[in-house]
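Please look over the sequence and the structure below before reading on. The paragraphs after them are meant to be read with both in view.

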Amino acid sequence: MGVVMQGLDCDFDRLHDLVNRHESVRAFLGHSNNWDKTRYSYQSIVDNVTLLTPALLDAVNQLIVECGHTVSHKAPGETLHGRCDSFVVETDVYDPTDVNLLWDAMRCLLRVVGRETSRAQIGGWRQSKHLTASVQKKFNQCRNTSRARRTDIKAYPDQCHGLVTRAEETLLVLRAVGITKDKALISIDHYLRHAQRQIDQIDRRLLRGETIPTAEKVFSVFEDYTRWISKGKAGTPVELGVPVCVLEDDCGFILHHRIMWKGSDVDHAQPMIEDTLARFPALHGCSFDRGFHSPANRVRLDELLVDNVLPRKGDLTTADKERESGATFVTMRRRHPGIESKINGLEHHGLSRVRAYGSKGFARVVALSVVACNIHHLGRVLRRQRNDVLNGLRLGKCPRLVA
C-alpha cells in the first residue's frame, strides 16, 4: 500500500479507494476473487502504513537492489560505480512569517490547554474558544503591517504574552495534579516555546526595527525541522525543506540515501560513502559535484574509493589538472548529470512535497519513496527484457531468457 501511494504520489483518501475498488491493487493484496468482500477501513490503512520504519525500509531497499543487480545480469563480485548528489525535499510550509507562526502556536496552545483543563476540571479556561477568536481578530489587524497602526501591531503580541503567562501557570498546575497524560503536557510545552520565541521576534522586528538572523528563525510550528535553503537556482531562489543526499549506481538503482537534518553537502560526503560501502562493498567509484569538495573529503574518499571523482573548487593546480583529465575521471564526470533524472523520478514518487507530520514521518516518506522508485525501475528493466525476448523471437533469434 505504501509503495502504491508513493508511486502514484497520492494521499490516503485515494489509497483507501484503490485498495477497496481497484481489481489490480486488490489482486496484489491477495483478494483476486470477485467473491472476496474484504474491505479496509481508512484508519487501518493509515495506522499500518505509518508503522513502516526507515530502518525496515532501508533493509527492504537493499534486497530490492540486490535483486535488481541479478536481473540486470551483474556478475557476482563485479564492481559498481555510482553518482552522488543532493536535492531539497519541500515540507508542507506556507508563508512562514513571525506573525503567522505566532497565530499557529497560539490557536494550538489554547485548544490543547482548554481541552486538558476541562478533563482535569481546572478552571480559568472555560472561554478558550472565545479567547482564540479574540487572538485571531488581533492577528488579522496585525498581519498587514503596511496598513496596521503601531497600536494594532503591539496589541497582538501583548495579548498573546498575557495568555502565554497564564498557560505557563496552568501547565504547572496540570503537572502537579498528575491526571493529564505526558503527551499532552509535552504538546503544551512545545507550543509555549514556539509562542514565546515568536512574541520576542515580533517585538524585535516590528517594534524595534531589528533584523532577525536566519539561524534564530523557525519556519513552521508543526515541522520545526524545516530549513531555509538558498542554492541560487533560476526561478527558485529559496526552498523550504530538508536536503536529501542520494547515491545511484550504474544500473539505475538508488543504493542509499541520507537526510541532511544539519550541515551541507561537504559534511555528508564521507558518511554517505561509508554507509553505502557497508551495504554494498562492491562500490568501486563515485562521482560528486564541487559542493562536496573539501581537503579532508578528498583524502578520506581516496582511501575509500578506487575512483574518487570529486572535482576541486577554485583554481586547479598542475596535479589537479592532470588528475581531472584522466580518462576515468572525465567519463564519470560526464555521466554525473544523469542523476538529475533519478532525482526527478523521486519527486514524482512522493517527494515533490512531503505532507507527513514530524521528522519521523518525513524520514518514513523519504525511505518509502526510494523503495517505490527502485521497484518502478526494476519493473522497467523486466519489461525491457521481455520486449527484447519477444522482438528476438519475431526475428528468429533466441536471446537469453530471464527467470
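This is a predicted model: local features need pLDDT of at least 70, side-chain atom pairs count only at pLDDT 80 or more; totals for chains, interfaces and linings use all residues.

Residues are numbered from 1 along each chain as its sequence is written, and side-chain values use heavy atoms, with hydrogens and water left out.

The protein chain has 15 helices and six strands, where helices (H or I, at least four residues) and strands (E, at least two) are DSSP runs numbered from the N terminus. Its C-alpha trace spans about 85 × 75 × 40 Å along the principal axes. Of the 403 residues in the protein chain, 44% count as buried; here buried means under 20% relative accessible area, exposed means over 50%, and partly exposed lies in between, with a 1.4 Å probe and protein chains only.

Two strands are said to pair if DSSP finds at least two bridges between them. By that rule, strand E1 (residues 80-90) pairs with E3 in the antiparallel sense over nine bridges, and within this pairing Ser86 has Cys245 of E3 as its bridge partner. Strand E2 (residues 227-229) also pairs with E3 in the antiparallel sense, over three bridges, with Leu240 in E3 as the bridge partner of Trp228.

E3 is joined to strand E4 (residues 254-259) as well, in an antiparallel pairing over five bridges. E3 and E4 form a hairpin with four residues between them, and in the turn Gly252 has a positive phi of about 95°. E4 is itself mostly covered, with five of its six residues buried. As a general point for reading such strands, in a regular strand the side chains alternate between the two faces of the sheet.

Which strand pairs with E1 in the parallel sense? The partner is E5, and four bridges join E1 to E5, with Leu80 standing opposite Leu283 in E5. Strand E5 (residues 283-287) is mostly covered, as four of its five residues are buried. From E5 the pairing continues to strand E6 (residues 307-309), which runs parallel to E5 and is joined to it by three bridges; there Ser287 stands opposite Val309 in E6.

The last stop is helix H15, residues 358-394, in which Arg384 has its place. Gln385 is also located in H15. Is Gln385 buried or exposed? Gln385 counts as buried because its relative accessibility is 14%, whereas Arg384 counts as partly exposed because its relative accessibility is 45%. Gln385 and Val71 are 314 residues apart in sequence, and their C-alpha atoms are 9.2 Å apart in space.

Arg384 also belongs to a patch of positive charge on the surface, where it gathers with Arg380, Arg383 and Arg386. Patches are made of residues with over 30% relative accessible area and no salt bridge, like charges being joined within 9 Å and nonpolar side chains (Val, Leu, Ile, Met, Phe, Trp, Tyr) within 5 Å. A salt bridge, in turn, is a side-chain nitrogen of Lys or Arg within 4 Å of a carboxyl oxygen of Asp or Glu.

Conventions
Accessible areas come from the Shrake-Rupley method with a 1.4 Å probe; for residues, only the protein chains shown count as cover. Lys and Arg count as positive and Asp and Glu as negative; His and the chain ends are not counted. The place of a charge is taken as NZ of Lys, CZ of Arg, CG of Asp or CD of Glu.
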